[in-house]
Amino acid sequence: MVFEKLHFRHCMLYEFNLKKSASEATISICNVYGPNAVSLRVCQNWFARFKMGDFDLEDKKRPGRPSELDDHELEELISTDPCLSTRELALRLSVSNSTVYDRLKALGKVQKLGKWVPHKLSEMNILTRLNTCAFLLSKQKRKSFLYKIVTGDEKWIYFDNSSNKKQWLDPSQTASHVPRPEIHQKKVMLCVWWDTKGIIYHEVLEERQTVNASLYSDQLIRLGHAIEEKRPQIRHKVILLHDNARPHIAKVTQSTIENLNWEVLPHAAYSPDLAPSDYHLFRSMQHFLRDKRFTDVTMVRNEVSQYFDSKPVTFYEKGIKSLPERWQKVIFNNGNYFDD
């Protein structure tokens, strides 16, 4: 274990001398030794030491600390897993719980509660997000292609969108009860595709109908006809941006996209923060639908069309043109989710 740690530190120093960034070094080392060889945080810590001119790869003792606890080893442990409790750290370091707590306080560490994120990203997920965003940002800098993007996704629309609002009352009054929407209430699926100029094509499916590869392929063909009619200037330049859901990557879908002669923009798995429909269109639509109730699919279709028509072109343009900024944020955050 000690030899392995020292070996990886030599690898990090080698990458540092090649003028690589900590992120690039992590990718390079993990490509050779596996996705869990070294974490991004550990690599960043060592690169910070190298930049200060400290190239000693051995664990060093620090003045003023208890002799039985290695501060650097403690920092490496919490860099690898910040969620470790003081009890777990004490067991790994063979010291008392109070010693770990005192040293964490002395190092200026504080506990913070993390925000909910869409998915627990593995090291491979993080590296894929990092590589994908770096590639897309480089491609965009060489020649802008945002105007060619046609992005699409699916969303469940519920018939009952009731919400529980705060009420202005006297101190002695009790707030009125609000019925909670049923868990298995009626819902229909919205399928939509759009670009910087607005909605190109959308469908609201029948109740209990979902998207499979066959239906999705048929939808793409109908989308192609809509592009011919509404966006003739990009009909031979379409870059399709959709996620990695099974119907989107099925063989029949890939064949349909090839026949349409469209390019598919790379999209990392578990990345709704990089899907314009998720972070922009659907988020806004959710506010629009709040407290609205529907009795049939026709009402849903009318309301969805009304929402799309109510948004100016600048709204759709902003949703697509914010992509480079989001790619940059992923790179800045070393492949992790960022605060929106």
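User: Before we start, what does contact mean here?

Analyst: Contact means heavy atoms within 4.5 Å. This is a predicted model, where local features need pLDDT of at least 70, side-chain atom pairs count only at pLDDT 80 or more, and totals for chains, interfaces and linings use all residues. Residues are numbered from 1 along each chain as its sequence is written, and side-chain values use heavy atoms, leaving out hydrogens and water.

User: Which residues is Leu190 in contact with, leaving aside its neighbours within four places in sequence?

Analyst: Among them are Asp153, His202, Val204, Phe282, Met285 and Phe308.

User: What makes a nonpolar core?

Analyst: It is a set of buried Ala, Val, Leu, Ile, Met, Phe, Trp, Tyr and Cys residues joined through side-chain atoms within 4.5 Å. Buried means under 20% relative accessible area, exposed over 50%, and partly exposed in between (1.4 Å probe, protein chains only). The largest such core has 36 residues, and Leu190, Leu281, Phe308 and Trp327 have the most contacts inside it. A second, separate core of 20 residues includes Ala25 and Leu130.

User: Helices are DSSP runs (H or I, at least four residues), numbered from the N terminus. Which residues of helix α5 are buried?

Analyst: In α5 (residues 86-93), Leu89, Ala90 and Leu93 are buried. They cover an arc of only 100° around the axis, so they lie on the same side of α5. That arc is taken from the directions from the helix axis to the C-beta atoms. The face turned away from this buried side carries the exposed Arg87, Leu91 and Arg92.

User: What do the buried residues of α5 pack against?

Analyst: They pack against α4 (71-80) and α6 (97-106).

Key:
Helix = DSSP H or I, 4+ residues; strand = E, 2+ residues; numbered from the N terminus.
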